Amino acid sequence: MTEIRYDEFLRNLGPNVHPVGYLYRGGTFSMGATPTAAYEALKVLIDFDLNPIGVASAGMHQCGVCQFDGPFGKSIDIWIPHGSTMFVCPTLVTHYIAAHRFLPPSDFLDAVLACPDMQSMEYKKAFLSAGGSEIRKLISAQM
Ligand SMILES: [Zn+2]
């Protein structure tokens with residue numbers, strides 16, 4: 001059996017699903033200065049206490065990019081709808097930006113800045129119009 005990487009699993013959920021920031025040891029990623037406003041907005045979104053949508057793969061994960069003693073904690077997927085596109089990133093993405101200078105794609109950062117409060121009806125509507133309901137079904141079917 002071939003093991004597929006988790007970001008590939010997510011990408012296979014649909015052509016509109018765009019995983020961002022699933023970094024792994026030995027992989028390459030773009031580096032640079034992430035705008036402060038986008039970083040701060042992302043910090044709010046990754047607070048999983050604010051994420052009411054049940055599409056989450058909770059598990060323990062350690063940063064595989066740190067050379068030593070990477071942060072170890074609960075990791076869930078954060079879903080960021082933007083029009084018909086559904087971005088998804090791990091909670092560790094802010095660590096990757098802060099500690100490893102990971103630079104997410106600019107369309108992802110635009111989506112982060114435009115993302116409504118996750119507890120709002122606006123967020124739920126955006127989630128559904130980006131195919132959130134179908135994605136949730138596909139994930140539950142594979143768990
Ligand atoms: Zn790290």
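Strands β4 and β5 (residues 85-90) pair in the antiparallel sense over 6 bridges, pairing being assigned where DSSP finds at least two bridges between two strands. Within this pair, Ile80 has Phe87 of β5 as its bridge partner. The model is a predicted one, in which local features need pLDDT of at least 70 and side-chain atom pairs count only at pLDDT 80 or more, whereas totals for chains, interfaces and linings use all residues. Residues are numbered from 1 along each chain as its sequence is written.

Both strands belong to an open sheet of 3 strands with the order β1-β5-β4 and mixed pairing. Its edge strands, β1 (17-19) and β4 (77-82), each pair on one side only. Neighbouring strands of the sheet are turned by 25° against each other on average, direction ignored. Helices (H or I, at least four residues) and strands (E, at least two) are DSSP runs, numbered from the N terminus.

Helix α4 (residues 106-114) lies across β4 and β5 and runs at about 90° to β4. Axes are lines fitted to C-alpha atoms, for helices over the stretch in contact, with angles from 0 to 180 degrees between N-to-C directions. Helix α2 (residues 36-45) packs with α4 at an angle of about 60°, the axes being 9 Å apart. In this packing, Ala37, Ala38, Ala41, Leu42 and Leu45 of α2 meet Leu109, Val112 and Leu113 of α4, contact requiring C-beta atoms, placed from the backbone, within 7 Å.

Asn12 is located in the loop between α1 (6-11) and β1. The C-alpha atoms of Asn12 and Leu138 are separated by 10.0 Å, the residues being 126 apart along the chain.

Technical notes:
Contact = placed C-beta atoms within 7 Å.
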